[in-house]
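Biologist: I'd like to learn how to read aromatic rings in a model. Can we go through it together?

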Amino acid sequence: MTWTEEMPKPGDIIRIKVKFYFHYGIFADNNTVIQFGLPNNVEMPPEKVLVVQTDISEFLVDGAMLETARLDRKEKSQRRSPKETVEYATSKIGTGGYHILHNNCEHFVNECVFGEARSSFVDNVRNSIRKKIGRG
């Protein structure tokens, strides 16, 4: 997966940089994004973080630059169709269970697109810790 500044299409994974991390969402249509929490809700209690559908302006906080995921050939063959991706994401609106390490916004978008909740950010942090303690 690579990231570009291209305009997203429905079903695309999108992200913005917020301080030291990325916040992810599913582009639903010309004006809406489905996301697990909001970009700047890091101080909100996890039990109050929900999957929401918002206007894209609520996703693009503080003039953040929108990036769109471009999938490689293998990823394209493993993904749900864009229509199924948006339908799945929409079906999750109102659900919670947020956890920074096990169920965050990146887990959410990967589950919507690929059917598997995963986070490269969390994986990289875990691998870094393992190397530092000699388990790499």
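Modeller: Ring pairs link Trp3, Phe22 and Tyr24 into a cluster. This is a predicted model, where local features need pLDDT of at least 70, side-chain atom pairs count only at pLDDT 80 or more, and totals for chains, interfaces and linings use all residues. Residues are numbered from 1 along each chain as its sequence is written, and side-chain values use heavy atoms, leaving out hydrogens and water.

Biologist: What counts as an aromatic pair?

Modeller: Rings of Phe, Tyr and Trp (its six-membered ring) pair if their centres lie within 6.5 Å; planes under 30 degrees apart are stacked, over 60 edge-to-face, the rest tilted. The whole structure has 5 aromatic pairs. Phe22 and Tyr24 make a tilted one, 6.5 Å centre to centre with 55° between the planes.

Biologist: Which charge lies over the face of Phe22?

Modeller: We call it "over a ring" if NZ of Lys or CZ of Arg is within 6 Å of the ring centre and within 35 degrees of the ring normal. Here Arg15 lies over the face of Phe22, 3.7 Å from the ring centre. Likewise, Arg118 lies over the face of Phe114, at 4.6 Å from the ring centre.
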